[in-house]
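Please read the following report alongside the sequence and the coordinates.

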Amino acid sequence: MLEVCVPQVLHPQYGMYVWPCAVVLAQYLWFHRRCLPGKAILEIGAGASLPGIVAAKCGAEVILSDSSELPHCLEICRQSCQMNALPQVPVVGLTWGHVSQDLLALPSQDIILASDVFFEPEDFEDILTTVYFLMQKNPKVQLWSTYQVRSADWSLEALLYKWDMKCIHIPLESFDADKEDIAESALPGRHTVEMLVISFAKDSL
């Protein structure tokens with residue numbers, strides 16, 4: 001059994017809440033917990049950081065990140081670390097699509113976590129630009145991402161092709177996430193959530 005505490009704050013910023021996708025991604029991490037110890041894992045758009053906290057508690061070397069332009073979200077990342085006795089987990093400001101000193105200083109990662117970051121279509125390209133940069137450091141890195149299906153009018157596939165990436169859809173039932181209440185929570189509820197593993201197209205998973 002694993003117990004995790006995360007803060008939630010009444011605030012207009014998206015990152016201040018636990019969204020349905022976060023619970024599904026956390027479940028995927030828990031299901032694969034035996035392969036996590038020692039893995040270098042970066043969570044982007046972390047906010048309340050549920051997936052990253054689960055990964056850290058399972059033995060991964062985790063870095064949490066959110067936009068350098070959203071100090072409230074960075075602070076809630078730090079609060080999540082404090083609440084879970086994880087003072088060693090660094091929190092860095094990374095703004096999607098921007099090459100910053102913090103981005104350049106990041107070590108090579110094995111896994112990138114992204115829970116519901118594909119929310120605003122105008123952000124998709126910037127997100128993949130940042131992920132592509134990280135993939136240049138380690139071409140075998142995988143992006144483990146969950147997103148909530150909100151519209152049939154957009155698709156990631158064309159952008160992934162543009163950035164020489166591929167994705168595999170992971171069935172929710174394969175990691176016990178095909179239910180409305182995971183880990184005694186009321187999430188993900190009736191929302192339609194997809195689990196993706198994204199990598200460079202030239203590398204086999």
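Helices (H or I, at least four residues) and strands (E, at least two) are DSSP runs, numbered from the N terminus. With elements named in this way, Lys39 is found in the loop between α1 and β1. The model is a predicted one, in which local features need pLDDT of at least 70 and side-chain atom pairs count only at pLDDT 80 or more, while totals for chains, interfaces and linings use all residues. Residues are numbered from 1 along each chain as its sequence is written, and side-chain values use heavy atoms, with hydrogens and water left out.

**Overall fold**

The chain contains six helices and seven strands, which follow one another along the sequence in the pattern α-β-α-β-α-β-α-β-α-β-α-β-β. Of its 205 residues, 49% count as buried, where buried means under 20% relative accessible area, exposed over 50%, and partly exposed in between (1.4 Å probe, protein chains only). The accessible surface comes to about 10000 Å², of which 53% belongs to carbon and sulfur atoms; the areas come from the Shrake-Rupley method with a 1.4 Å probe, and for residues only the protein chains shown count as cover. Taking contact to mean heavy atoms within 4.5 Å, 75% of the contacts between residues at least 6 apart in sequence join residues at least 24 apart.

**Strand β5 and its neighbours**

Strand β5 (residues 142–148) is mostly covered, with six of its seven residues buried. Two strands pair if DSSP finds at least two bridges between them. Strand β4 (residues 111–115) runs parallel to β5 and is joined to β5 by five bridges, with Ser115 having Thr146 as its bridge partner in β5. Strand β7 (residues 193–200) pairs with β5 in the antiparallel sense over six bridges, and here Leu143 stands opposite Ile198 in β7. Together with helix α5 (residues 124–137), β4 and β5 make a right-handed β-α-β unit; a crossover is right-handed if, with the strands pointing away from the viewer, the path from the first strand over the helix to the second runs clockwise.

**Aromatic pairs**

Five aromatic pairs are present in the structure. Rings of Phe, Tyr and Trp (its six-membered ring) pair if their centres lie within 6.5 Å, and planes under 30 degrees apart count as stacked, over 60 as edge-to-face and the rest as tilted. Two of these pairs are set out below.

| Pair | Centre distance | Plane angle | Geometry |
|---|---|---|---|
| Tyr28 and Phe175 | 4.9 Å | 80 degrees | edge-to-face |
| Tyr132 and Phe200 | 5.5 Å | 80 degrees | edge-to-face |

The pair of Tyr28 and Phe175 links distant parts of the chain, as Tyr28 belongs to helix α1 (residues 20–31) and Phe175 to the loop between β6 (165–170) and β7, 147 residues apart. Tyr28 is buried at a relative accessible area of 7%, and Phe175 is buried at 0% relative accessibility. The two rings also form one aromatic cluster with Trp144.

**Helix α2**

Helix α2 (residues 50–57) is largely enclosed by the rest of the structure, because seven of its eight residues are buried. These are Leu50, Pro51, Gly52, Ile53, Val54, Ala55 and Ala56, and what covers them includes α1, β1 (40–44), β2 (61–66), α3 (71–83) and β4. Just after α2, Gly59 takes a positive phi of about 105 degrees.

**Loop residues**

Lys39 is partly exposed, with a relative accessible area of 33%. Not counting residues up to four places away in sequence, Lys39 touches Ala60, Glu61 and Asp110. The C-alpha atoms of Lys39 and Asp110 are separated by 6.1 Å, although the two residues are 71 apart along the chain.

Most residues other than glycine have a negative phi. Ala85, in the loop between α3 and β3 (91–93), has a positive phi near 55 degrees and is exposed at 61% relative accessibility. Asp116 also has a positive phi near 55 degrees; this residue is found in the loop between β4 and α5 and is buried, with a relative accessible area of 9%.
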